[in-house]
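Dear colleague,

I am handing over the structure we spoke about, and my notes on it follow below. Please read them with the model open beside you.

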Amino acid sequence: MAVKQKKQEPHWVGWQTVRTESASARIVDQVWAALFRGELKPGDYLGSEVQLAQKLGLSRVPVRDAFRTLQALGIIDVKVGARGGARVASGDPNRFASALAVQLKLIGISVDEMFDAQIAIEVMAAELAAKRATTADLATLRCINEELQTYKTSSVRFTEKAMRFHEALIEAAHNRALAAQFKALRSVLEPIYAQRISATIVKRVVGWNKQIIDSIAAADTARAGALMRRRLEIIRARQLMKAVDA
């Protein structure tokens, strides 16, 4: 004899009546506000289309539209079927980074703005890394810097590895907000950084990296931040000069 499954009830009970003409938007607003008030957390069950339509006195259409919007925002996951419904999603920094990268590209962020953001992120990251970097973090940075010396003919491979060094440095800061922002920024920065390389360029980059690694290893916060700021300001000046010449 089959055992009848207990009907699952929504976790959150803070729903308010909504007006039909703006029902979908008001549902989205309620969930958004509840999330940031701390009333909802990842995994909480919001209900199915049928449950919420009945609870709010609506048809399923505005509820379905609200679910689509909330999914697009990354706030909920929706499962179909008898045991389906909407749950608050788990966080995904990579999803945020991808969405932000697209928006930065679409708004036509300028080279100057990108360098402003990179300097703000990486100077802070270098300072934090000097406080928080582990032995494994330092080993990763040194390994990447050694590999950079082998890319003397491929500008694409060199740029990819150079940007990976910057990413690893930010990871050494152990700050997820900085890491997610840099991943987004990297997508729009990398094409600008791509350039013809030479032995001189390779030597210069590796040398700067070594100084920064040494300052982090020595837990010298001020020097790590100052070196990173100086390096990025030099790169910025050269890139902006190229833009003027072009």
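In the hairpin formed by strand 2 and strand 3, five residues lie between the strands, and G81 takes a positive phi near 110 degrees. Please keep in mind that this is a predicted model.

Helix 4, which covers residues 93-106, packs with helix 8, which covers residues 176-193, at an angle of about 40 degrees, and their axes are 8 Å apart. Because angles under 35 degrees count as roughly parallel and those from 65 to 115 as roughly perpendicular, the two helices are described as oblique to each other. The crossing in which helix 4 passes helix 8 is right-handed.

Which residues of helix 4 and helix 8 meet? From helix 4 these are P93, N94, F96, A97, L100, A101, L104 and K105, and they meet A180, Q181, K183, A184, L185, S187 and V188 in helix 8. Sorted by class, this contact has 10 nonpolar, three polar and two charged residues.

How values were computed
Residues are numbered from 1 along each chain as its sequence is written. This is a predicted model: local features need pLDDT of at least 70, side-chain atom pairs count only at pLDDT 80 or more; totals for chains, interfaces and linings use all residues. Side-chain values use heavy atoms; hydrogens and water are left out. Axes are lines fitted to C-alpha atoms, for helices over the stretch in contact, and angles run from 0 to 180 degrees between N-to-C directions. Helices (H or I, at least four residues) and strands (E, at least two) are DSSP runs, numbered from the N terminus. Angles under 35 degrees count as roughly parallel, over 145 as roughly antiparallel, 65 to 115 as roughly perpendicular and the rest as oblique. A crossing is left-handed if the near helix is turned anticlockwise from the far one by less than a right angle, and right-handed if clockwise. Contact means heavy atoms within 4.5 Å. Ala, Val, Leu, Ile, Met, Phe, Trp, Tyr, Cys and Pro count as nonpolar, Asp, Glu, Lys and Arg as charged, and the others, Gly among them, as polar. Two strands pair if DSSP finds at least two bridges between them.
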